[in-house]
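Hi,

Here's the structure I promised to pass on. Have a look at it first, and then read my notes below.

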Amino acid sequence: MKEITRKLNGEIDRLTNKTFKFDERVGEGWFSAVYFLKTKEIVQNHLKDNHVTMQFFQKNDAVLCGTDEVIALIHTFADQPEELEIYSLKDGDKVSPYETVMTISGPYQNFGYLEGIIDGIFARRTSVATNVYNVVKAARTSGKQKPIIFMGDRDDHYTQQAGDGYASFIGGSTAQATHAMNEWWGKEGMGTMPHALIQMFKGDVVAATKAYHQQFPEDELMALVDYNNDVITDSLKVAREFGDELKAVRIDTSRSMVDKYFLRNQHLMGTFDPRGVNPELIFALRRTLDKEGYDHVKIVVSGGFTEDRIRMFEELKVPVDMYGVGGSLLKIDIGFTGDNVLLNGEPEAKEGRRYNPNPRLERVPFQPQSTDENNE
């Protein structure tokens, strides 16, 4: 059973290294800025009887993510972690600018070298969770929540997929493109066919879809219909071939292309941008499918969608049923800061920073962490 299931069932309060599987070199200082490592040595030899409080914050309205990961990191790699006092918010909490999201108290040399790693975890996880949350919110502008598929596999290094997928889940997306994106929270990735499959069938969308359906008969059948840059024609072809078995069509037209529908109907152009997946193309596709009796076929769109673009589609009530979103969700634009703000119980911080207690923080009990990679 995955830890996330136990957490959602209330059996455990936080995810642990059974989920995160940290690189053991964290404990060797391999990923820490060298000046933190040097500071640790200086403090150990000159000021070892110290007690500091380090607090973390950021400067946006955001959806916090990374708290479980940070706590597991501290409990795995800090010296004498059971003696540290940690207070924290939780993954999924809405946070305000400058709100303290976590404090760690104890001897600096026992945990201080982890500061930069903690900032980085918070920054990436919170950025992705917040981006997804904003996109999910935009996708219900019309009054109906449209699902978001997280398709960020090609937009960043593959090693980031598990954490990004979890952050996307925290932000509100429950469909991911790869199995790795689901590793921390879900079961399997979802997806049907890429353009490469249709290419292998020499552009024959019906033949490619038929082969897919024969190979994966239990899957809900979704056809990719922009390969030939004629989405309405190809959507009708697969709809006529598969009837009720066809559940959806996906349109992924390049932003530099104009669909052949508009080339056949040039009188329609002149008042909108006809490139890519545009509202007029989707309206026309929906009308055509409904007219032919295929009103059960859903429309999935992907290719360069952002929060603003989705909101625009929704405000225009474009008949999209699901959005596939990738690169825009991985923009890391929320940075975190860790500051030492108390020294031996007294205020002591760099100019402009001060201890900022937050009554929403909860005490985190120590939880021993496993380093066995075969512990799931």
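Keep in mind that this is a predicted model. Its largest nonpolar core has 96 residues, and Met102 and Tyr323 have the most contacts inside it. Helix H6 (residues 115-138) gives the most to this core, with 11 residues. Apart from that core lies another one of 6 residues, including Ile149 and Met322. If you click on Met102, you'll find that it touches Ile86, Phe122 and Leu361, among others.

Next, the sheet. It's an open one of 6 strands in the order S13-S12-S1-S5-S3-S14, with antiparallel pairing. S13 (346-347) and S14 (362-364) are at the edges with a single partner strand each, so one side of each has no neighbour in the sheet. S14 pairs with S3 (residues 85-88) over 3 bridges, and there Ile86 stands opposite Val364. H6 lies across S1 (52-57), S5 (102-106) and S12 (337-343), at about 25° to S1.

Now the rings: there are 15 aromatic pairs. Phe57 and Tyr98 have ring centres 5.6 Å apart and planes at 20°, so they count as stacked. Phe57 is in S1 and Tyr98 is in the loop between S4 (94-95) and S5, so the pair ties together parts 41 residues apart in sequence. Phe57 is buried at 5% relative accessibility, whereas Tyr98 is partly exposed at 48%.

Phe305 and Phe313 make an edge-to-face pair, because their planes are at 80°, with centres 5.2 Å apart. Arg309 also lies over the face of Phe305, 3.9 Å from the ring centre.

Cheers

Definitions and conventions: Residues are numbered from 1 along each chain as its sequence is written. This is a predicted model: local features need pLDDT of at least 70, side-chain atom pairs count only at pLDDT 80 or more; totals for chains, interfaces and linings use all residues. Side-chain values use heavy atoms; hydrogens and water are left out. A nonpolar core is a set of buried Ala, Val, Leu, Ile, Met, Phe, Trp, Tyr and Cys residues joined through side-chain atoms within 4.5 Å. Buried means under 20% relative accessible area, exposed over 50%, partly exposed in between (1.4 Å probe, protein chains only). Helices (H or I, at least four residues) and strands (E, at least two) are DSSP runs, numbered from the N terminus. Contact means heavy atoms within 4.5 Å. Two strands pair if DSSP finds at least two bridges between them. Axes are lines fitted to C-alpha atoms, for helices over the stretch in contact, and angles run from 0 to 180 degrees between N-to-C directions. Rings of Phe, Tyr and Trp (its six-membered ring) pair if their centres lie within 6.5 Å; planes under 30 degrees apart count as stacked, over 60 as edge-to-face and the rest as tilted. A charge sits over a ring if NZ of Lys or CZ of Arg is within 6 Å of the ring centre and within 35 degrees of the ring normal. Lists of a residue's contacts leave out its neighbours within four places in sequence.
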